[in-house]
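Colleague: I have a model open and some terms to sort out. Can you take me through them?
Modeller: Gladly. Here it is.

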Amino acid sequence: MRVFVAGGTGVLGRRLVPQLVARGHQVTATTTSAAKLDLLRGLGAQGVVMDGLDAASVRAAVAGARPDAVVHQMTAISPAHAGKPDIKHPDRWFAATNRLRAEGTDNLLAAAAEAGGPHVVAQGYASWNGRREGGWVKTEEDPLDLLTGTAAQHGMEVLAHVERAVLAAGGAVLRYGAFYGPGAIDDQVTLVRKRQYPLVGRAQGYSSWIHLDDAASATVLAVEQKAHGVFNIVDDEPAPAAEWLPHLARCAGAKPPRRVPVWLARLLAGDQAVVMMTEGRGFSNAKARRELGWEPRHPSWRQGFRAELEA
């Protein structure tokens, strides 16, 4: 297949492109910087410079690739684009990414329609953001939490827009868990080693994780099978912060994380951090296993963190 990967030089794009190439697909991948075209060539793709927020740029890039499938992996979360992580103000930290998930998605879908309607697979998110009611582990049938009234609400609404728009176009949205793997959690590990990533309250909020290579392999399957619908792409073990954060610290050779009360965490880190740590809901991967035939190589963050940080 001819596969167009929008966002080919991000942490996931760098793992996805080689997997697609290894499966025999012809890949065109985008970057916002001409300086990264050699990187894409090294991964086996034909590189093209594209601005996801410029409809004409997107239209030209997609038309030139003549793709059978379009994969949306455009974000701007890295410090080079978003600056220092600011979990207290996700509206500011994710401002550029939110635009890419709103305007960028619309531009890609319009360009795909003009190019003959290739199948579309887009990036979603499912780590701790399940609706805060009922059980601790959610399926694709459970609604996501929009965090109404907080600084994170706009970003959550944008994710909902991606799902509506891509599903209406007959595509698939892969709700990836929290990424770890090469380059994905360096900032978090730095905070852990400085003991600046504390547990909040009882730290019973659940999160789901996924290694970048497993996220990439699920994406390849969704492309090849022309999957339709929403899929949670997470590992087998959703877990409370009280378990995964101390384990991450051990794997990083750090001292155990401190513990802070909810009121102080809300003051210092904001509502999103408190929700994630105290009320977050994780996700089940049963649908992706069943319908895509996907099998994660890293079934648990327990082994995955150790392999990644102790290597």
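Colleague: How much space lies in the largest cavity?
Modeller: About 30 Å³. This is a predicted model, where local features need pLDDT of at least 70 and side-chain atom pairs count only at pLDDT 80 or more, while totals for chains, interfaces and linings use all residues. Residues are numbered from 1 along each chain as its sequence is written, and side-chain values use heavy atoms, with hydrogens and water left out.

Colleague: What makes a space a cavity?
Modeller: On a 1 Å grid over the protein atoms alone, a 1.4 Å probe fits at its points but cannot get out. The volume is the space filled by probe spheres set on those points. The whole structure has 1 cavity of 30 Å³ or more.

Colleague: Which residues line the largest cavity?
Modeller: H72, Q73, M74, T75, R101, T105 and Q123. A lining residue has an atom within 4 Å of a point. By class, the lining has 1 nonpolar, 5 polar and 1 charged residues. Ala, Val, Leu, Ile, Met, Phe, Trp, Tyr, Cys and Pro count as nonpolar; Asp, Glu, Lys and Arg are charged; the others, Gly among them, are polar.

Colleague: Why are α6 and α7 called roughly parallel?
Modeller: Look at the angle. The axes of α6 (residues 95-114) and α7 (residues 153-168) cross at roughly 15° and come within 8 Å. Angles under 35 degrees count as roughly parallel, so α6 and α7 are roughly parallel to each other.

Colleague: Which residues of α6 make the contact with α7?
Modeller: N98, R101, A102, T105, D106 and L109. Contact means heavy atoms within 4.5 Å. R101 and T105 also line the largest cavity.

Colleague: What makes α1 oblique to α9?
Modeller: Helix α1 (residues 13-22) and helix α9 (residues 212-224) pack at an angle of about 45°. Oblique covers what is left after under 35 (roughly parallel), over 145 (roughly antiparallel) and 65 to 115 degrees (roughly perpendicular). That angle therefore makes α1 oblique to α9.

Colleague: Why is α10 called roughly parallel to α14?
Modeller: Helix α10 (residues 241-251) and helix α14 (residues 301-309) pack at about 25°, with axes 9 Å apart. So α10 is roughly parallel to α14. Their contact residues divide into 6 nonpolar, 1 polar and 3 charged.

Methods
Axes fitted to C-alpha atoms, helices over the stretch in contact; angles between N-to-C directions. Helix = DSSP H or I, 4+ residues; strand = E, 2+ residues; numbered from the N terminus. 1 Å grid on protein atoms, 1.4 Å probe; cavity = no way out; pocket = protein on both sides within 12 Å on 5 of 7 lines; lining within 4 Å.
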